[in-house]
Amino acid sequence: TVIIADLHLGEGADASTGAWHPTEDFRWQDEFALFLQTIEADSRGATDLVINGDAFELRPSTDDACAPDLPEVGCTEAQAIARLDRVLAGHPAELEALGRFASAGGNRVVFVPGHHDAALLFPAVAQMVVDSVAAPPDRVRVAPRGYWLSDDGLIYAEHGHQLEEAAGYDEWPEPFVDAGG
């Protein structure tokens, strides 16, 4: 089991200019691919890679489309899909590397939602992530309970933002509100 967190994959680099988007935090696609190759080789294809929150930077909007007049209300599922679509388009090399990793041996990849990618708890958003990592069935998943527990029950991983003193996600793993329908 390898647990990492806080990749914050954002919108990547501009395809025409190569300039990084100003809010992009993840700029190490080659190093990430080498990291995945190394843990795959070391484990001989028997690794659970748990990305323990904030794999994707979905919280700040670059288009301000999500309820700007209601700061306590985030994005709808459709708005989150549009954000994630931009993020996935900005990181094809990382997604390809994850797909190679998840396709090798018995490796698996689990995305635990964090506070910057809580939208992964929307079913369509989660499916979009799973589909974007081209791997055999059941090798990539999003943890719908908001945490990951190893098959033997000995390792528990949560991002930690749902703790009251952190961000106050009182209804975690259902951080949804109804605002005007």
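Arg-108 forms a salt bridge with Asp-151, and their closest N and O atoms lie 2.9 Å apart; a salt bridge here is a side-chain nitrogen of Lys or Arg within 4 Å of a carboxyl oxygen of Asp or Glu. The pair ties together distant parts of the chain, with Arg-108 in strand β3 and Asp-151 in the loop between β5 (148–149) and β6 (156–157), 43 residues apart. Helices (H or I, at least four residues) and strands (E, at least two) are DSSP runs, numbered from the N terminus. Asp-151 is exposed, with a relative accessible area of 66%, while Arg-108 counts as partly exposed at 29%. For these words, buried means under 20% relative accessible area, exposed means over 50%, and partly exposed is in between (1.4 Å probe, protein chains only).

Before going further, a word on the model. It is predicted: local features need pLDDT of at least 70, side-chain atom pairs count only at pLDDT 80 or more, and totals for chains, interfaces and linings use all residues. Residues are numbered from 1 along each chain as its sequence is written, and side-chain values use heavy atoms, with hydrogens and water left out.

Back to Arg-108, which has another partner. Asp-48 forms a salt bridge with Arg-108, the closest N and O atoms being 2.7 Å apart. Here too the pair links distant parts of the chain, from Asp-48 in strand β2 to Arg-108 in strand β3, 60 residues apart. Asp-48 is buried, at a relative accessible area of 15%. Through shared partners, salt bridges join Asp-48, Arg-108 and Asp-151 into one network. Side chains of opposite charge can pair when their charged atoms come close.

The structure holds four salt bridges. One of them is between Arg-86 and Glu-11, with closest N and O atoms 3.3 Å apart. It spans 75 residues, joining Arg-86 in helix α2 to Glu-11 in the loop between β1 and α1. Arg-86 counts as partly exposed, at 26% relative accessibility.

Now for the overall plan. The chain has four helices and six strands, and along the sequence they follow the pattern β-α-β-α-α-β-α-β-β-β. Buried residues make up 42% of the 181 residues. Contact means heavy atoms within 4.5 Å; among contacts between residues at least 6 apart in sequence, 74% join residues at least 24 apart.

What lies inside? A nonpolar core is a set of buried Ala, Val, Leu, Ile, Met, Phe, Trp, Tyr and Cys residues joined through side-chain atoms within 4.5 Å. The largest one has 34 residues, and those with the most contacts inside it are Leu-49, Ile-51, Phe-56, Leu-84, Leu-98, Val-109 and Phe-111. At least two residues each come from α1, β2 (48–52), α2, α3 (92–103), β3, α4 and β4, and the largest share, five residues, comes from α3. A second, separate core of six residues includes Val-50, Val-112, Ala-143 and Ala-157.

Leaving aside neighbours within four places in sequence, Val-109 is in contact with Leu-49, Ile-51, Leu-98, Phe-101, Ala-102, Arg-139, Val-140 and Arg-141.

Asn-107, in the loop between α3 and β3, is buried with a relative accessible area of 0%. The side chain of Asn-107 reaches the backbone nitrogen of Thr-47 at 2.9 Å, where a polar contact is a pair of N or O atoms within 3.5 Å; within protein, one must be able to donate a hydrogen and the other to accept it, and residues adjacent in sequence count only if both atoms are side-chain atoms. His-8, in the loop between β1 (2–4) and α1 (29–43), is buried at 13%. Beyond neighbours within four places in sequence, the contacts of His-8 include Glu-24, Asp-54 and His-116.
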